[in-house]
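Trainee: I am new to reading models. Could we go through one together?
Mentor: Gladly.

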Amino acid sequence: MAAEKKKRRRSEDDDDDAALPFKNRLKPDSVILQILQSFSSSSSAASTSKTLTLSDLSLSTTCREVADLSLTSVQSTIESLVLKIAKSILSGNGFSFDVPSRTSTNQLYVPELDRIVLKDKNTLRPFANVSSVRKSTITARILQLIHQLCMKNIHVTKRDLFYTDVKLFQDQSQSDAVLDDVSCMLGCTRSSLNVIAAEKGVVVGRLIFSDNGDMIDCTKMGMGGKAIPPNIDRVGDMQSDAMFILLVEKDAAYIRLAEDRFYNRFPCIIVTAKGQPDVATRLFLRKMKVELKLPVLALVDSDPYGLKILSVYGCGSKNMSYDSANLTTPDIKWLGVRPSDLDKYKIPEQCRLPMTEQDIKTGKDLLEEDFVKKNPGWVEELTLMVKTKQKAEIQALSTFGFQYLSEVYLPLKLQQKDWL
Amino acid sequence: MEIGGSKESPEKPKKGKSKTPRKPPKDSVLKQKSPAEFFAENKNIAGFDNPGKCLYTTVRELVENSLDSAESISELPVVEITIEEIEKSKFNSMIGLVNRERVDEELYDDYESTKARVKRLAKEAKNQEVQAKNAAHGKKTKEHTPTKVLKGRGETSFYRVTCKDNGRGMPHDDIPNMFGRVLSGTKYGLKQTRGKFGLGAKMALIWSKMSTGLPIEISSSMKGQNYISFCRLDIDIHRNMPHIHLHEKQQNKERWHGAEIQVIIEGNWTTYRSKILHYMRQMAVITPYAQFIFKFISDTSDKNMTIKFARRTDVMPPVPIETKHHPSSVDLLLIKRLRAETSKQNLLQFLQHEFVNIGKSHAERLIGEMGPDFSPKMDVKSLTDQQIVRIHQLFRQAKFDDPSGECLSPAGEYNLRLGIIKELHPELVATHSGSAQVFEGHPFIVEAGVSLGGKDVKLGLNIFRFANRIPLLFEQGADVVTRTAIKRINWSSYKINQSQDKIGIFVSIVSTKIPFKGTGKEYIGDDINEIASAVKSAIQQCCIQLKTKIVKKIQAREQQERKRNLSKYIPNATGAVYDVLKEMAQSHVSKKKRFEGEDAELLSKVSARLITKDTLSEKLAQHVEQVDYEMALEYATQSGVSEEPRENIFIQALEMNHQFMDFTNPIFVFRLIS
């Protein structure tokens, strides 16, 4: 049925233009593929150059970075810490933890690396203080639980961890925050603590990889795609004939592209974390980028949060800046939906939303951020957004038909190399 | 107005029908309406919407008149208000109507058909069953009020409202006109007053005439008069004239001065009881220098009540002064009226003396600006209409100094504070009095008080609004104070929890013209930026004062609870540490992992159970104790023995001469009332 309809549509000329604007500007797929091919190869050539690390730079402020540690070394680090505490208690001095501060004042954007790193400020967390007694107790408890995991060599989720002592933790956000503190304090990545987050991200398209030894072909995962494994060390042997990776903010747009098998028309890998990206998705994206050397194009909403999500993939979040080396994917291109697209693609007024005061404030704050400033194109787009005070979701394109996104908008964007 | 309008229309054709049936509406005769008639038909304008509200408004108008009257002679007000319920049979005998039993039951609205009764009984039985069940399960449920039987109009009660004060009283000859003529009053003029339109007492009279047909009774005496004027009158609504039944002078033995007004009206005590009591309570808050005695008397004795709101201070705000108009607040009509009334001859003097903030040189400059056909010496009365328009335009455009707030009489921070403390007994209270500001040429002053805790205060925001020192009870939602308190104050930044704390917010606005919204003079709109920002800043000032007190309190509480809060976590912390130690000790013993030196020593002590969880807990507890002691010492040295400044208390003067019994001592005397 659908195919028939499509054919009939193509035969009509004038009506078609009205229904799907700009469709007539599309060149045949082969031409677009050629454009993509050249883009893909040029970017893979660029990314072969060695990526910089913190140690390569001589920064005036010392910065903290964590590394993947083996289970035994995590265990012995915890043990020496606990011994120190026990001695301190026995000598009658109580105890306190020296925790790296993860506040925004202790963050630094390094333009050379294009990501946020953590400076070396520490805060003391003494037990005998009303304001920190809770946190230091929770820290001790989390250390003990991680120690158990190390000894038994098993993985648990953050939720599991929370439920081991609900009465003390009260709220999962508290145990989660302390977990990040602990990995920062021990100087290891969160994955090395054997604590994982629940699966959130999904991937579909021209990608084959092994998950815990099983080979997965992401073109044969049905419509929903493959859930991104929570611990990246299970993932290996990545192969792909894709030309680019398409990062999608929203689940709805992802489903549209997956169902339309967009990756078969233009060979690509489609990834989404359904909103704010979790650690697993960010690790996975980085791994794909590094191993497959593919360019990454992002499709996010045209609002400040879309850009914020983009920045988390690109430069890391402040919360996890201690591990930004492993979590960030450099050089993500902003494909759409960009504020300038609203007029360019004549998105009708009723599909645009007025920005709230909070939106405008977030937008203005973003304009002050270094990772936005470094890209003049982004500054221009964001300034336009704040000026017009209008935002739109990816779904606004559905006003021209549900498949407008996959049939016209994205191909045209790719053909025009319209990314920033 | 709309309600009145729609009410009017069905009445007219009725009249038409009875006289000349089916006349086309165009031929209707041009009729004139007296002011009294207008207000009788549109009584909701003055707050007489339904019997319940009528009772409330009557009480309110009488009380406010009494206060104004006492304050005008700088007498500390004593107001006695009595509401006496009169049953229908008693009322009928009062007006000489024979009680009639119902003969044809089905004629009445509350007649219950057999079908309805079966339904009701079934419902009641079910309710009882549910209640019994709940009681058996020990559940607490709200008492089911027995299904209300429809109350017909015939069953609304009648009330005798009496209000007695110690005010100025009224001149004997003026009494009929003061009560029997709508829109005649002593409070016209530009001045901060409680009442404004000369409506209050007259509306009560109109309502009594509409509902009971009984006249109003007034006793009054002025200071130094040796007689009491007594007057019984009602109002001729069509002619807006008093209709005097009795007007005589009586003996004044007690040398009483003041007024006592008694009116019998239809009302509804059950539904408006709480409103009336709230009103009295809030009035007591804003006028702590007055004494109110409120009585409710009915035949069923358990409903009776007497509440005395005692005087707490004898400091009274000054009497508001009548002021002249500010040039930017006048309109054409007002200029014409002022011109007609003025005693000044020429334009210069007229400008200089009939308006505030225009000095001589300023007036000359203004006249120069008006144009060549104006001169300082020209006769005011000779001004043409066009010339007056020119003056008005100039007044609108020119810049004038803001009127001063001197003519206003705010309650005063002291009184507001006292009132709050007296009626709510809060834990903390802060008050602030703003400086005078201006809206459309009228000065206004905003005073605010914020209290925390107290009795009879519900959780969350409790808002008390006052305009020209009268409480506003209705239409709270749209009011500028409510909106500001809910939306524009960030309570949490002052360490106040908007939903968990008992917060009392008192805002009193006084002005020569309060910009009321709506017909009922019940709220001030949120759209006036000057007032909204003044209210906001006044409330914020109070919150800032409170914040320091709250922070101190929190600190003190932390001091007390620190040890407990710290000790609470000892088992958790030591448990976690000990668990890891135990595991380590095991692997040390089983030689899976080697530890050396001090560490090995410690671990072997753990495996030998020389160090247990309890040892760790004990040591940690010792540490906590020590830290607590140090911090308590530090806190004590820091805060010292500073105490809040003490406040004066007001001891009421004894009213009558008493016999005293003295116990004398070189330093003091005990005087006991014998």
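Trainee: Is A:Asn212 buried or exposed?
Mentor: Exposed means over 50% relative accessible area, buried under 20%, and partly exposed in between (1.4 Å probe, protein chains only). A:Asn212 counts as exposed, because its relative accessibility is 57%. This is a predicted model: local features need pLDDT of at least 70, side-chain atom pairs count only at pLDDT 80 or more, and totals for chains, interfaces and linings use all residues. Residues are numbered from 1 along each chain as written, chains are lettered from A and ligands numbered from 1 in the order written, and side-chain values use heavy atoms, without hydrogens and water.

Trainee: What is the phi of A:Asn212?
Mentor: Most residues other than glycine have a negative phi. A:Asn212 has a positive phi of about 55°. A:Asn212 sits in the loop between strands E9 (208-211) and E10 (214-217) of chain A. Strands (E, at least two residues) and helices (H or I, at least four) are DSSP runs, numbered from the N terminus.

Trainee: Where is B:Arg609 found?
Mentor: In the loop between helices H17 (597-607) and H18 (613-639) of chain B. B:Arg609 is exposed, at 56% relative accessible area.

Trainee: Which residue forms a salt bridge with A:Lys87?
Mentor: A salt bridge is a side-chain nitrogen of Lys or Arg within 4 Å of a carboxyl oxygen of Asp or Glu. Here the partner is B:Asp599, with the closest N and O atoms 2.8 Å apart. The count between chain A and chain B is one salt bridge.
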